[in-house]
Amino acid sequence: MFPSLLLVLLIGVAAWAGTVAGGAVLFGVVLPYAAFAVFFAGMVWRMFYWAKSPVPFCIPTTGGQERSLPFIKQNAVDCPSSTGGVVVRMMLEVLLFRSLFRNTQAEVCSSRAGGVRSTYYSSKWLWVFALVFHYCFLLIFIRHFRFFVEPVPACVTFAESLDGIMQIGAPRLFLTGGCILVALCFLLGRRLFNERLRYISLFNDYFPLWLLIGIVGTGICLRYFDKCEIALVKIFVMGLTQFSPAPAAGINTLFFVHITLVSTLLLYFPFSKLTHMVGVFFSPTRNMPNNSRMARHINPWNPPKQYFTYAEYEDTYRDAMAEAGLPLDKQPDKAAE
Amino acid sequence: MYNAKAVIFGILIFVGLCASPFWASFIGRDYKSTDIVLPKNEKNCIEDADFMRSQHMRLLNEWRDEALRNENRVYTALDGKKWVISLQNTCLKCHNSYEDFCQKCHVANSVYPYCWTCHIIPKGGK
């Protein structure tokens, strides 16, 4: 946990020091472009790599009655047998995290008869906070389009008005900023305070969490505490997106720390577990219909079969077979015609 | 490549979504400067320009609380000068046009505070 926290802090401090030392162009222009290029190429490469990987078996995960006899009701969502069913299940999985909803927690407790026994019970907190985190992230991403587009689209303004519906303070408090921080703290705390999870947690589990906390933290700081003149930020950001970078003079140093951390996330994305963003669509356990009793799944790396049909067999050995008096489909005199 | 049609369709969607900040910025207008019109008859605001640019919302919030909740109508600036706490009579005396001043940054950056549910929008000389 500490190395990943240290690394995020180090990146932040480096960005701060570098910007103060006059490297605003490096951290605000060169790094974001490079990070975006790596993210883009990396993710497309990943998708091609996965698309090229053969799936030897029909292995969808199922969570209900498969399609069977007409009087047995199929669970079409949890055990789809057609492409349409797979699409529905995939959409529900991506939008609602249904498989995470089935999350269970195992615990060892003492039984009434004396001794210990293990119990499994439904655990929904991970699902709740995962959902909160992902939807807050989406809304925050949409909200940031006010810095990319002029004039600001009505849907972005609407998202902002929903987000700031409580009208607390000035600038108005955006609820997603707080919610995503709470959700991230839960996701981090889960790894820290559950000893079994802590045992299996690695650097690449903690690093994205600290990085996201860093990004959200600097973003909140820029909005509510350390302040940044957003008219200048919009001019600067639109310079980036229109490929004609604007001067960075007058923009708060913390803004460049924010940008650097986002760039780090983009750089890290294609090489980490965060690729589950596109990976979920390539999971054979999720993108295959459970139709193994209707359609034969051919293993793509099977070598081509050498067939030797009976007709060919008879053609080859007809004379010998006739000599031995074996029954033939075509007699030698007929076959010669 | 397996399922080539679906995969290429998916990659196109991914590329379109991820590049959205870039193509979206080309759809609209350019935004190279705020084109703000500063008051002609006054050179200094309540605090210096940097402070006003980044902290004016905080100042206005404090002013509202001071004036309406604490009945304190005097604000002492960092340079010691005393100001009457009033949006209508102090701020809008110089910044007398919403269209030339407030709107220039606020509309472009989609910031819509609820000043004008109580106060009258200044329309300049008109």
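1. Basis of the note. This is a predicted model, in which local features need pLDDT of at least 70, side-chain atom pairs count only at pLDDT 80 or more, and totals for chains, interfaces and linings use all residues. Residues are numbered from 1 along each chain as its sequence is written, chains are lettered from A and ligands numbered from 1 in the order in which they are written, and side-chain values use heavy atoms, with hydrogens and water left out.

2. Domains. Chain A is assigned domain 1 (2–306) and domain 2 (307–337); such bounds come from an automatic or database domain assignment. Taken over C-alpha atoms, the centres of these two domains of chain A are separated by 67 Å.

3. Annotated spans. An unreviewed UniProt entry lists "transmembrane region" for residues 31–49, 125–145, 165–187, 207–225 and 245–269 of chain A; annotations of this kind may be inferred rather than shown by experiment. Residues 165–187 of chain A are 57% helix and 0% strand, with end C-alpha atoms 26 Å apart. Residues 207–225 of chain A are 100% helix and 0% strand, and their end C-alpha atoms lie 25 Å apart. Helices (H or I, at least four residues) and strands (E, at least two) are DSSP runs, numbered from the N terminus.

4. Extent of the interface. With contact meaning heavy atoms within 4.5 Å, 46 residues of chain A are in contact with 36 residues of chain B. The area buried between the two chains is about 3600 Å², of which carbon and sulfur atoms give 67%; buried area is the accessible area (1.4 Å probe) that two parts lose on being put together, summed over both. In chain A, Glu150(A), Lys227(A) and Gln242(A) lose the most area to chain B, together 16% of what that side buries.

5. Pairing across the interface. The rule finds 2 salt bridges between chain A and chain B. Arg53(B) and Glu229(A) meet through their side chains in a salt bridge (3.9 Å, N to O). Several elements give two or more residues to the side of chain A that touches chain B, including helix H6 (154–163) and helix H10 (230–241) of chain A. The largest share of that side, 10 residues, comes from H2(A).

6. A salt bridge in chain A. The side chains of Arg102(A) and Asp78(A) meet at 2.7 Å, N to O. This pair links distant parts of the chain, 24 residues apart.

Technical notes
Salt bridge = Lys/Arg side-chain N within 4 Å of Asp/Glu carboxyl O.
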